[in-house]
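Work through the exercises below with the sequence and the coordinates at hand. Each task is followed by a solution in steps.

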Protein chains: 2
Amino acid sequence: MAKWVFLNDSFVAEEKAMLHFRDLSFQRGYGVFDFFRLAGSKPLFLDDHLDRFNRSAEGLHLPLPTPKKELNDIVLDLVQKNDLPGTGIRLSLSGGYSEDGFNIGQPNFLVSQHSFTPPPASQLDKGIRLLTYSYQRQLPHIKSIDYLMAIWLQPQRAVQGADDILYHHNGFISECPRSNFFLVTADDRVVTPSENILSGVTRKKVLDLAKEYFQVEERPVGLAEIQTAKEAFITSTTKQILPVAQIDDKIFARNPVTRKLMGLFHSTYNQA
Amino acid sequence: MAKWVFLNDSFVAEEKAMLHFRDLSFQRGYGVFDFFRLAGSKPLFLDDHLDRFNRSAEGLHLPLPTPKKELNDIVLDLVQKNDLPGTGIRLSLSGGYSEDGFNIGQPNFLVSQHSFTPPPASQLDKGIRLLTYSYQRQLPHIKSIDYLMAIWLQPQRAVQGADDILYHHNGFISECPRSNFFLVTADDRVVTPSENILSGVTRKKVLDLAKEYFQVEERPVGLAEIQTAKEAFITSTTKQILPVAQIDDKIFARNPVTRKLMGLFHSTYNQA
């Protein structure tokens with residue numbers, strides 16, 4: 001566990017980083033966040049994450065806590081103070097202390113450091129199993145703290161023996177609760193949903209790498225396309241690229257395109 | 001502001017009722033609550049609210065903090081200690097301190113006391129204006145802390161000059177963000193949506209009273225029925241019964257049935 005966090009205007013000991021219950025996150029689940037990892041001690045894709053954090057805050061009508069340059073410096077200071085290479089940094093901005101328990105107050109701003117569990121070798125090797133579920137995240141372009149459905153679905157996911165959920169709605173695939181989703185078609189096109197999703201930073205980096213070697217399509221992806229696809233994978237900050245071995249009853253036996261992209265991503269970005 | 005709250009296992013001074021940022025409400029917007037008012041110093045419809053709070057907790061897979069009888073006693077003790085007649089009591093149960101920032105921990109349980117602003121006389125007299133918006137609350141039967149859409153819509157509501165939002169989806173009306181919705185038809189039937197809503201305690205009491213004088217229908221209510229309705233009103237703990245004067249462009253000129261129900265509700269329940 002980290003020693004320090006940054007809360008509102010100063011560094012405080014992590015165990016003392018408390019919020020009053022009037023905060024609109026506790027009262028009404030209202031807030032945004034972002035999360036990025038350290039490659040060694042260097043924040044990976046920091047600029048993209050700071051930009052997205054600011055866009056999320058603006059999207060929820062929350063005033064930015066600090067200019068981007070200062071936010072960048074706070075992150076670097078925290079990384080240096082905690083000295084925990086290979087962990088992750090979370091930026092959080094809540095709806096703040098609300099007088100009436102409903103309207104936005106002065107937001108509470110937190111920068112915290114967290115260890116995270118990367119996918120085990122068995123998942124990287126064999127791939128994971130996804131369970132499809134009909135649902136559309138609200139305000140999907142904003143990285144809000146709303147994970148009500150994702151957490152509520154956990155017992156059902158476990159009973160079904162799945163590793164994660166794949167959301168679809170009106171016949172189209174969107175994303176997993178904490179990851180973006182890709183298919184590889186029978187003719188080796190790399191396809192990913194373009195709408196009603198969070199614009200993942202890892203998703204963007206993977207698309208940029210994939211374009212060098214494959215035909216890439218960002219477009220609406222029908223749920224039925226799973227049946228004819230050759231491969232599937234998901235992307236996220238903590239998972240980077242993770243192969244999908246099964247979606248409901250559909251099994252993906254081989255994944256050479258996914259392996260190629262995993263190798264490219266690793267050699268390009270994980271050499272800290 | 002109240003002097004005391006009950007946090008987890010003891011009464012603490014309200015200003016010291018802090019939660020650590022690892023709570024799943026701050027991390028992932030995960031939690032439930034309930035809210036009831038005091039008629040004088042007597043909790044109104046306490047049994048209904050305790051039951052619903054427990055149902056909400058179970059619905060979100062959160063362990064109940066304490067048996068119902070003890071919860072009842074905690075509420076009564078808090079009311080006595082704070083001595084703030086005519087205010088409201090909120091029961092909150094969060095997802096708790098999560099080790100990994102995603103899975104449910106040991107929930108944090110809070111009983112807090114809040115003043116609230118009843119509708120001003122002008123709204124009770126003239127009625128409010130609703131703006132319709134296409135949206136369906138997720139897990140609508142559970143009183144979760146998810147008010148992301150409701151709070152996000154506030155600037156839009158204000159620009160449109162409306163007092164509140166009326167959600168509809170696929171052509172059917174559900175509810176307002178914090179109230180249930182009723183129509184009175186041309187032949188004086190009292191109609192309210194039956195599905196995809198939170199089962200309001202005030203809604204239930206109003207239905208019971210209305211049945212004595214009017215034909216009452218709990219059923220799916222089409223958005224188009226607004227155009228032929230004679231009256232509309234909303235119900236909630238803080239608003240009790242509040243007339244609706246306008247929904248988008250539709251104006252309700254008179255409201256004798258609503259007035260009748262307001263009088264019945266007041267004489268039955270507000271004589272503390």
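**Exercise 1.** How many residues does the contact take from chain A and from chain B?

*Solution.* The model is predicted, so local features need pLDDT of at least 70 and side-chain atom pairs count only at pLDDT 80 or more, while totals for chains, interfaces and linings use all residues. Residues are numbered from 1 along each chain as its sequence is written, and chains are lettered from A and ligands numbered from 1 in the order in which they are written.

Step 1. Two residues are in contact if their C-beta atoms, placed from the backbone, lie within 7 Å.
Step 2. By that criterion, chain A gives 35 residues and chain B gives 35 residues.
Step 3. On the side of chain A that touches chain B, the elements giving two or more residues include strand 3 (18–20), helix 1 (24–28) and strand 7 (109–114) of chain A. Helices (H or I, at least four residues) and strands (E, at least two) are DSSP runs, numbered from the N terminus.
Step 4. Sorted by class, this side of chain A holds 18 nonpolar, 15 polar and two charged residues. Ala, Val, Leu, Ile, Met, Phe, Trp, Tyr, Cys and Pro count as nonpolar, Asp, Glu, Lys and Arg as charged, and the others, Gly among them, as polar.

**Exercise 2.** State which rotation superposes chain A on chain B.

*Solution.* Step 1. Copies are superposed by least squares on the C-alpha atoms of residues with pLDDT of at least 70 in both.
Step 1. The same surface serves both copies, since 100% of the contact residues of chain A recur in chain B.
Step 2. A:Gly29 is the residue of chain A that comes closest to the rotation axis, with its C-alpha at 2.0 Å.
Step 3. Strand 3 of chain A and strand 3 of chain B run antiparallel and are joined by three bridges; A:Leu19 has B:Leu19 as its bridge partner. Strands pair if DSSP finds at least two bridges between them.

**Exercise 3.** Give the strand order of the open sheet in chain A and identify the edges.

*Solution.* Step 1. Six strands, paired antiparallel, follow the order 2-1-7-6-4-5.
Step 1. Strand 2 (10–13) and strand 5 (42–43) of chain A each have a single partner strand, so one side of each lacks a neighbour in the sheet.
Step 2. Strand 6 and strand 7 of chain A pair over six bridges, and A:Ile89 stands opposite A:Gln113 of strand 7.

**Exercise 4.** At what angle do helix 7 and helix 9 of chain A pack?

*Solution.* Step 1. Axes are lines fitted to C-alpha atoms, for helices over the stretch in contact, and angles run from 0 to 180 degrees between N-to-C directions.
Step 1. For helix 7 (residues 201–210) and helix 9 (residues 256–269) of chain A, the angle is about 110° and the axes are 10 Å apart.
Step 2. Helix 7 of chain A is therefore roughly perpendicular to helix 9 of chain A. Angles under 35 degrees count as roughly parallel, over 145 as roughly antiparallel, 65 to 115 as roughly perpendicular and the rest as oblique.
Step 3. Among the contact residues are A:Val206 and A:Leu209 of helix 7 and A:Leu261 and A:Phe265 of helix 9.
Step 4. By class, this contact has seven nonpolar, one polar and one charged residues.
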